[in-house]
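I opened my notebook to jot down what I could look up in this model.

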Amino acid sequence: MMDSDSAVMLELAAQAFRARNFELAAEIYECQLQSPGDAGARAELALRRADALACAGRLADAFDAYRAAARPEGLRPERLEKLLECLADSVRRKEGLPARGRASDPFACAACLGFLCEPVTLPCGHCVCRKCLERERRPVRCRGCRRGCSSSRGCRESCASCADRCGSAVPDAHRYRVNVVLSHLLSKWFPSQTRAVQLRLEGNALFADKQPDAALRKYDEAIRLAPRDHVLFSNRSLINASLKKFDEALSDAEMACELQPHWLKGHLRKAQALGSLRRAEEALTEYLLCIALEPESKLAKSEALKERIPDCSSLLSSRARIKGSATGTSTPRGIAVAPRPYKECKTSEEAQANARDKPQSPATLGLAEEGATRTPRSWPKGEDGGRSSGFHPALVDRSLLPKRKHGSVEEGQPGVEGGACKRAKTESSRKDAAASWCAVRRELVDAADLDCSLCMRLFYEPVTTACGHTFCLKCLERCLDHNSQCPLCKEDLSEYLAQRRYCKTFLMEELIAQYLPDELVERQKANEEEIAELSNLNKNVPIFVCTMAFPTVPCPLHIFEPCYRLMIRRCMETGTKQFGMCLGDSVKGFADHGCILEIRNVEFFADGRSVVDTIGRRRFKVVRHSQRDGYNTADIEYLEDEKVEGEDEAELRKLHDAVYDQALVWVNSLKAEQKQRIMGHFGPMPEKDPEPQTSPNGPSWCWWLLAVLPLEGRAQLAFLSLASLKERLSGIRRVLLFMSRNRSR
């Protein structure tokens, strides 16, 4: 009975925890700990209570609970992840840190936040370095989209509510090529930064070839060219660490954090350098900041678990240090920042001696994922039965700790790219850094560099294909109407057409808005004038030459010709969602009377064809026939039935009721198969209108009947052009009489 009650209470505690009622869960676990039981079960209960206290924000009590849970046999490091998450969450809430780093510079890569090198435009419209794209896991997800996610969990998987924001999936990322226009602009506007990136890549190759000294010289030269590139400092920090220059490594890491305060890798580099200098508490603080910035960082969590976790009061009370590390070192973009001399970062002789005692060689830091490992450092032990100054993971089974792993300068770990750096010249850097690489010299800006190769005008809503070519959205759509190949390189874009995901290239739009504002205003004005002209439903109205259409009657269409693809797309873009339908005419091209159709839905196929669901609205008379971009247009006048009053109205009502009854008899006389086909295509026959003259087009049942009667198009057209309801009803009555006589024979 006791076991049954205990199981019920534990289930209740688990439900309370899932419902985020952590206080209740902790209280239930504490009550269960009062009952006798084996040591293993009590340790598990104590750990659950500790997790509940940590999630409830009672970190001081949580530390005591974790200490108690660790006494019997120790804890696996992964059992402390909940504590780490709560500590990091506390840091994030108190300091108002963003959940993820953001690229504030328009020329920054959405993945590494560094200068765009060989930019590749993803389907979502964000740009990343080609190397960053190659290093990403498969399937690739855009980090730029994921950073915009409002979800607290920062989910990596696609979900119905935030599929784009939580990391847009990029199928076959290896197929995407360098954006031709952006690559040309970046090399033209930032020659020094482009050269610095080349030196960085050369340094990475040397470091991978186990030549750290030569790699360091490359990075020194690169930093002199680009003193505001935080990636260079982060990478040089790793090279210095491989050379056992831990003070220099720490200085470079601090500069990376100063240039990009909310960048995960900068704080990782700083934490690793602090750990090498045996400054464990400061290293743990940096790891907590890493987890606060990137909750998914497995490296930060595993490294933090190797550090001695101090008492929460000493860790969380030093908010000034935490805040300074995360935000206080940030500098406005327009202010020059120079690297600090290494002499300012010197530590005690004892710390240096201890750090140098650790065996470390460049060979252990190669590109291979199975590189040499480092023995975890020992964790201070607390006195038995006494309250130590912190939680001592000496109680943790250290044989279960993961080995430390060091990557290459730009290792292919997501969120943990490698890096290497050294110091730059102080005085010259101050002068060079004043001109940030996000600033463009006006004399280098040429509007011709941002012209569409199809319309020869400034890009408007620029989109980039997988082959790296950029066009105006409307220009590309018109080309794909005729051919599913790139207009420039002729690469097959069938998959691109099938996805119909034409996302604008964000960086291109931003550059045009910032550096060509006058040209953009002029381009927008021209586009607005074109939209206004296309929205006019009296002049140059698009005409679909196909079949008869009637007011209130559905008219489904299969669109496959390029000219009509363009016409339907324009109707949707302008918002009118309307076009005219006319019968063909051998002399004029199309008939003088027609019906306006309104688009209710469009279903696209992978090859560009579409099925358009429309319904008739108003009748019109053509005043002038014309053409536009391959399809017919017309100036039109709308038709309305002439209203009658008095005796004529009474006579019209009587005629209306009689013809309706006659039509109903004819419909009911049809075979079941015929009625079923008619119902499937046109729907049921509308009810009789109480007031026949309410609608300017007359009763809707008249048009439904004309659509289903077996009449030729020219005969139907005659009814459509009539402006007299009485004449239309009389004509329908004659047709029905003719149909009944033929049926009786």
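**Cavities**

I searched the whole structure, which is a predicted model, and ten cavities of 30 Å³ or more turned up. I then asked how much space lies in the largest cavity. It came to about 110 Å³.

Next I looked up what surrounds that space. The lining of the largest cavity has 13 residues, and the closest to its centre are D481, R500, R565, R569 and G608. Which elements give two or more residues to this lining? I found helix 20 (473–482) and helix 24 (562–574). I also sorted the lining of the largest cavity by class: six nonpolar, two polar and five charged residues.

**Helix 13 and helix 14**

I turned to helix 13 (residues 264–276) and helix 14 (residues 280–293), whose axes come within 8 Å and cross at roughly 160°. Angles over 145 degrees count as roughly antiparallel, so that is how helix 13 runs to helix 14. I noted the crossing of these two as left-handed.

Then I listed who touches whom. Helix 13 brings L264, H267, L268, K270, A271, Q272, L274 and G275 to the contact, and helix 14 brings E282, A283, E286, Y287, L289, C290 and L293. By class I get nine nonpolar, three polar and three charged residues in the contact of helix 13 with helix 14.

**Helix 9 and helix 10**

At what angle do helix 9 (residues 191–208) and helix 10 (residues 212–225) pack? I read about 170°, with the axes 8 Å apart. That makes helix 9 roughly antiparallel to helix 10.

On the helix 9 side I wrote down S192, R195, A196, L199, R200, E202, G203, N204, L206 and F207, and on the helix 10 side P212, A214, A215, K218, Y219, E221, A222 and L225. The contact of helix 9 with helix 10 splits into ten nonpolar, three polar and five charged residues.

**Helix 8 and helix 22**

My last pair was helix 8 (residues 180–189) with helix 22 (residues 506–515), where the axes come within 11 Å and cross at roughly 50°. Helix 8 and helix 22 are therefore oblique to each other. I logged their crossing as left-handed.

Conventions:
Residues are numbered from 1 along each chain as its sequence is written. This is a predicted model: local features need pLDDT of at least 70, side-chain atom pairs count only at pLDDT 80 or more; totals for chains, interfaces and linings use all residues. Side-chain values use heavy atoms; hydrogens and water are left out. On a 1 Å grid over the protein atoms alone, a cavity is a set of points where a 1.4 Å probe fits but cannot get out, and a pocket is an open set with protein on both sides within 12 Å along at least five of seven lines; lining residues have an atom within 4 Å of a point. Grid points are joined across faces, edges and corners, and a volume is the space filled by probe spheres set on the points. Helices (H or I, at least four residues) and strands (E, at least two) are DSSP runs, numbered from the N terminus. Ala, Val, Leu, Ile, Met, Phe, Trp, Tyr, Cys and Pro count as nonpolar, Asp, Glu, Lys and Arg as charged, and the others, Gly among them, as polar. Axes are lines fitted to C-alpha atoms, for helices over the stretch in contact, and angles run from 0 to 180 degrees between N-to-C directions. Angles under 35 degrees count as roughly parallel, over 145 as roughly antiparallel, 65 to 115 as roughly perpendicular and the rest as oblique. A crossing is left-handed if the near helix is turned anticlockwise from the far one by less than a right angle, and right-handed if clockwise. Contact means heavy atoms within 4.5 Å.
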